[in-house]
Amino acid sequence: MYKIRITAVRKALYPDLMEIYENPIEHACDIIEGQSFISVDGQRPKGLCDSAWESMEKFVKELANGGGGFYDGWMKNPHSAMISCNDGFRPVSFYIERIEDH
């Protein structure tokens, strides 16, 4: 199995949508741009939130098992994917890439 690096490359915030639809919450996303995590054996890295993991798990596991080439050449690097978490108010885009040792 390959190790997978997961890097937060962009974090958006939609205060207009939050004002209309979201109940105030005490704790929101702690991820910061540039933060990286390493997945070993296709497992969720410590510190990565459940919501983000649910969005990317199948891609991480596929890359960890040597797969890739998602959606017929979608990514320039076939051993990578760009996945966003499913938070519609503060989505984070993650670049997921296979590390070339296993």
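**Group meeting talk: cysteines, core and salt bridges**

Okay, let's start with the cysteines: a search of the whole structure turns up zero disulfides, where a disulfide is a pair of cysteine sulfur atoms within 2.5 Å. Cys 29 is in no disulfide, and the nearest cysteine sulfur, in Cys 49, sits 5.8 Å away. What about Cys 85? Its closest cysteine sulfur is also in Cys 49, at 6.0 Å, so that's too far for a bond.

Quick housekeeping. This is a predicted model, where local features need pLDDT of at least 70, side-chain atom pairs count only at pLDDT 80 or more, and totals for chains, interfaces and linings use all residues. Residues are numbered from 1 along each chain as its sequence is written, and side-chain values use heavy atoms, leaving out hydrogens and water.

Back to Cys 85: is this residue buried or exposed? Cys 85 is buried, at 11% relative accessible area, while Cys 29 is partly exposed at 25%. Buried means under 20% relative accessible area, exposed over 50%, and partly exposed in between, using a 1.4 Å probe and protein chains only.

Now the inside. The largest nonpolar core has 20 residues, and Ile 4, Leu 48 and Phe 94 are among those with the most contacts inside it. By nonpolar core I mean buried Ala, Val, Leu, Ile, Met, Phe, Trp, Tyr and Cys residues joined through side-chain atoms within 4.5 Å. The elements giving two or more residues to this core are β1 (3-11), α2 (50-64), β3 (80-84) and β4 (92-99), and α2 gives the most, with seven. Those labels are DSSP runs numbered from the N terminus: helices (H or I) of at least four residues, strands (E) of at least two.

Next, salt bridges. How many are there in the whole structure? A search finds five, each one a side-chain nitrogen of Lys or Arg within 4 Å of a carboxyl oxygen of Asp or Glu. Arg 5 pairs with Glu 97, with the closest N and O atoms 3.3 Å apart. That pair links distant parts of the chain, strand β1 and strand β4, 92 residues apart. Arg 5 is partly exposed at 32%, whereas Glu 97 is buried at 18%.

Arg 90 and Glu 22 also meet in a salt bridge, 3.0 Å from N to O. Here Arg 90 is in the loop between β3 and β4, and Glu 22 in the loop between α1 (15-21) and β2 (36-39). Both Arg 90 and Glu 22 are buried.
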